[in-house]
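Let's take a walk through this structure together.

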Amino acid sequence: MEKLILLLLFILVGFQEVVFAQQITPILSGVIIDAKKHGAIPFANIYCKELKTGAVSDIDGSFLFPFVISGSYHFQVSCIGYHQLDTIMHIDQDQMVRLPLKKQDQKLEEVVVIAQVSDSKSTGSVIKKDALTHLQPSSFADILELLPGGVSKENNMSVMSLISLRQPVEASSFYNDENTHNSSLGTSFMVDGVPLSNDGQLQNVTGSYTHSSSSDNYISFRNTTGKGIDMRAISTDDIESVEIIRGIPSVKYGDLSSGLVMIHRSYKELPFHVRLKADPGSKLISAGKGFRLNKRQVLNVNADYIDYQSDPRNSKVNYNRITGSLHFVNKPIAKEHGLFFKANVDYTGTFDGRKKDSQIDLPETDRYKDNFNKVRMGAMVDWYPEDLSWLKKVSGYLTGSYTHEEKTISKAVSGSNSPITTSRKEGEYYGEFLPSSYVAHLVVDGKPLYLFARFSSDMDFSFLGNTHQLLVGGDWRYNKNNGLGEVYDVTRPLYAGNGRPRASNELPSVQVLSFFAEDNVTIPIGSNDLSLQAGVRAARALNVGDAYRISDRFFFDPRINWSWRFPRFNVFSKAVSVQLNGGFGWHTKFPTLSHLYPNLLYCDVVQLNYFSQNKALRQLNYCTKIIDPTNYQLKPNRNRKWEIGFAVKAGRIRLDVTGYHELMESGFKRLSQYDFITYKRCDISTGPSPEELTAPPTLDMFEYEQRKEFLTHGKVVNGSEEEKYGIEYQLDLGKVAPIYSRVSMNGAWMRARYGMSMPTYRHPSKIINDETYPYLGYYTWGNNKAYEQFNTNVRFDTQFPEMGLIFSSMLQTMWFTKRSYTSHNGMPEYYIDNENNVYPYRLEDTTDPVLRFLYKKPDPDEFDEWVVPLAIDFNLKVTKVISKDMKLAFYVNSILDYHPSYSRKDGTRVNRKVYPYFGMEFNVNI
Amino acid sequence: MNKVGIAMLVMFSILFFSCEKDDEISFSDVSVGLKLPKSLTKKKPVLNSAKLVMTNVNTGVETIEQLTTLQSPVVNVEDGLYNLLVTGELNCTTTDTKGKTINQTIKVRGVKENLEVVGGELDVDMSLFIFKESTGFVISEIFFARTKTPEGQIYNSGDQYFEIYNNSSEVLYADGLCIAQTALNSAQKMDKFKPDIRNVATPVSDVYRIPGSGKDYPVQPGESIVICDVAINHKTDNPNSFDLSKADFEWYDEKGNEVDVPEVTNMVKIASTSASSWRINMWGWQSYILFKMEDVTSKAFLKDYAYHYEYLFVHEDFRITMEFDAWKVPNSNIIDAVECSSRSGFKWKALDPSLDLTWTHSGDGNEETYGKSVKRKVSHVTADGRKVLLDTNDSAFDFIPTAVPSPFVIE
């Protein structure tokens, strides 16, 4: 019912037009008609130049124009979809006129509001400005719903937004604790041909739990360290087109393993335009203009601001973004050759805040604030020489960005009688107890500096009668963090056990140098065409210590994309072309600063805890062991892709189908490692009683027991095996005349499996006879899952130029989603005692009174597939073109839905409820 | 439109259906087959007085039936979900070894929870158990909820405590007295829980014993001992907490960062399933028993009283059989038991009804819980001024829920 009301409301708002009429003679009245069909044209504008006033025709096409003085007047009659009519009329008495308008050539209908299949040889989608305007994105994440396999999501800017290509929706959820984020880390974002980087970010909060159900998830859900680009910070205005390559990109693009997003901004003259958008969570305003400085030079200026609140009634959680951009182009006099120079300066500020809900009678102490300020500058030169037949283009790009990110956390902490630990060396220390309650303040100061340079040239040469285009070049990227890292009072840490902050600026830079060469050729074979794009990229890390395995070698990424075009033929007098495509490629993503240089781990065990009632006599002694979790063997994350597909074009109809297989065997993953700690456990009853003491006792006054225990800790290893395969399809039927609509369909069947390619250790938190568990298990399996989903999105874009309306209806069907755990036998391969002796684990050990705790007996149905059946959502988006320069748009997602209840295998009935959400947008060009 | 139509149809049909139902309320006869404990059958039991209370779980309406015999009473009640409670007194006669006749008044009770009464007639069996009012040590106060600091943070430095009171008229010795936390959680009903031994023994997860060789720790009639986590004056760190520096014992566990107060004697740790130090359940979802097992050493307890159980954990589409190891304490060894829970959290009983018929609570797992305890009511004061605490093994009746804590003070 609510949805119906919303729809009605919209229709009312959309159609309500106010006619300004005054009862003063003489009156010009009339009707505006279609010159050809003689039908009335509603909502046409009639403008009188001399009086500078206007009227709008009503639903019958009629209008009323009152005048003060008789005379000749110049009228302009306009309506979207029609040519403007200019006419001069002499008005001295009441008149009734018929004003015919000629229809324009279906100009509006050419608006393409879908993601088109990319023209480049790599599998991808291109989304042009019209589609972007129609989509009304708040952030870049909204654009991704247009991709095959994409689904619309409610805009949530209170947590980071990471890209997820070719991954089922559930796999990339933040609530999936096995999410390695290798897909988002391995997707490169490029703006105007230059990649963005988040590899220098070090915003981890030591000691905070990363488990999604912990109360600290407000920290981890906003921490993109080692996870890739936060799409919230990317403005969607000022974009001319976006190309998202899911397949195998050209070797020109590197330091990526999953995909590539190329954003091209406007470098052209544009009128001043303003966009206003509001939906229940956010308000966005953006404005821009493209100034033509002279015949060859254009300067574009753009700014936007977004204010997001996760709950409009509660300002405790909010996110703001401000972006500003200046970009300049200098084009050569000749169109084809000469020097193109582009330069840009961008600013991005994001301000993420969260306050804890205060209890009525308690002071508000818990706050989270993250201020991110980034300045990016770049210069790009493309030279197209005039006289050289072999050298087509020489490019040189140089860009840099400097970010200052400051995360401030305040939190009330219970000391829990824990020690203050500040020792920086291994050994025994006397210490103090944390106060039982205090407010901790932490600032994480990050100043990532990123530089990127690329040089490339395009050359033509002939070989065996074919013209080859050769691309050669190299690039260099530099990531360094000059921030102070975690800054806090070490005696009042956010988490007990912290106390050894490390300044980020002590870490070296991470640099990657790459070279690439690629050949592009089209070879006619009979009346067929074979196009080939084949190249290789070589990349190595610079400035890493010799101890690192990556220090001394290049990693090679061979990549090839081919297409075979059959000769055209005719079916029912329509030209049909068929093309087969395929590709193979390796992709390498180098580890980031956080992967290569983790903080040292300080493990402290309390040896003496003399907690006298007399505070002056209290004594604490702890022993510190330092573990370096640096993985010198860490390799880049490499992904191998295979693709095969076809494209059929028949008239305006186009079908594209691509099958893919991706295998990443050495993705980054945090796995558990072990070590031992030896310490003294003092029995305070063996020492002096408080009455005998005048000063705190010392360690030697007590008898102790020497103990040795396991320490397990996380380490980043190449331990994630991720396999993705599936079929993506897109069918574009073009305009289907009987229903006035452009009909298109896309979707994907995809399966992704996340496994463990390296072993891990687990220590049961089990107490056996009042002792910690004596063994540690070595496991080659984890909580690994496979996900599958199949979806189809059907879009109808219906355009009524007479009324200036574009209706986009999208039927999103998720046929099913599936999930299953990878089967395992529940047993460790072997186990280790605290003397580091290794014993094989046998089947009979699963029933041993002690060893059975190393065995995780699988449930009979543990590895069964869990299936969520059919779900359908219907989204509606309507754009009303008020005038050529003014557009109003409104959308409701899930205005209708079908989410039937279903029964799970275990008999549980699952009821699904979907809530519609909506928003509106206003665009003006001045 | 379709959806709306369906919704309307459903609404109308519900209206129609419920109207019809209102017209004819169904009643059923419930026949309760009472079974006396075996130990009583030889004692020639004669019913003195007894009543059966049937409480409708949904409406709270109580139907009380005075029983004149222990033959299966029949009660006619409106259909619904019921809790049944039988309380009675029997006069028993036995002869001792010398042939002398001994007359005894024995109290019995019986309970049945969540009985669905429907279908006109229903037979249910109910086993009665002997119910003793204790006249020894009783748990007089449990402070499980923690306090909050002035900053609004939960104070985590060990101010939880138990107070144990000598409710008899004689000097009793605390030596060897054990306090244990139940392994079962009254706010988490377990699916397919097995083996269920609650009628003979209580599953426990943490057990601490007061040291002593038998006569080291006398407790005078009307006096109490306090055992706590960290025996310091917590008020100096947190004005909302208490001075526990005069506590008699503290429980200390060398694991984690647990601190040891040298001025106060530590309890002997017998068993714990926890990998860190024992913090008692702050929402009160676990229950506590006081018991003695004089001749059982710590080692023997760990070995001979081990208890392995399992249940099916279900969370959305995640299901897994969970296995746990704990220990069990025979119900016959238990001196006093207090079932704790929270008003909206209560799902099932961790203790057998013969130990505690009901449960008490502090707050409702919410802000109200902090800084509050559960305290046993004073039944009467004897002529010599000794307070006798109420102990009918019915915590909802015996205890003041959400009470103001008063360690060392019986009020």
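The score to know here is pLDDT, the predictor's confidence in each residue, from 0 to 100. You will want it at hand, since this is a predicted model. For chain A the mean pLDDT is 88, with 94% of the residues at 70 or more.

Within chain A, the top of the range belongs to strand E44 (residues 838–840), at 96. At the other end sits helix H1 (residues 2–15) of chain A, where confidence is lowest, with a mean of 47. Where pLDDT is low, though, the predicted coordinates should not be read in detail.

Now step back to the domains. Chain A is assigned domain 1 (2–104) and domain 2 (217–868). Their C-alpha centres are 56 Å apart. Where they touch, 5 residues of domain 1 of chain A meet 4 residues of domain 2 of chain A. On the domain 1 side of that contact in chain A, 4 residues are nonpolar, 1 is polar and none is charged.

Finally, turn to chain B. What secondary structure does chain B hold? There are 4 helices and 29 strands in chain B. Along the principal axes, the C-alpha atoms of chain B occupy a box of roughly 80 × 75 × 45 Å. Chain B has 411 residues, of which 39% count as buried. Taking contacts in chain B between residues at least 6 apart in sequence, 69% link residues at least 24 apart.

How values were computed:
Residues are numbered from 1 along each chain as its sequence is written. Chains are lettered from A and ligands numbered from 1 in the order in which they are written. This is a predicted model: local features need pLDDT of at least 70, side-chain atom pairs count only at pLDDT 80 or more; totals for chains, interfaces and linings use all residues. Domain bounds come from an automatic or database domain assignment. Two residues are in contact if their C-beta atoms, placed from the backbone, lie within 7 Å. Ala, Val, Leu, Ile, Met, Phe, Trp, Tyr, Cys and Pro count as nonpolar, Asp, Glu, Lys and Arg as charged, and the others, Gly among them, as polar. Helices (H or I, at least four residues) and strands (E, at least two) are DSSP runs, numbered from the N terminus. A residue is buried if 20 or more other C-beta atoms lie within 10 Å of its own, exposed if 12 or fewer, and partly exposed in between; C-beta atoms are placed from the backbone.
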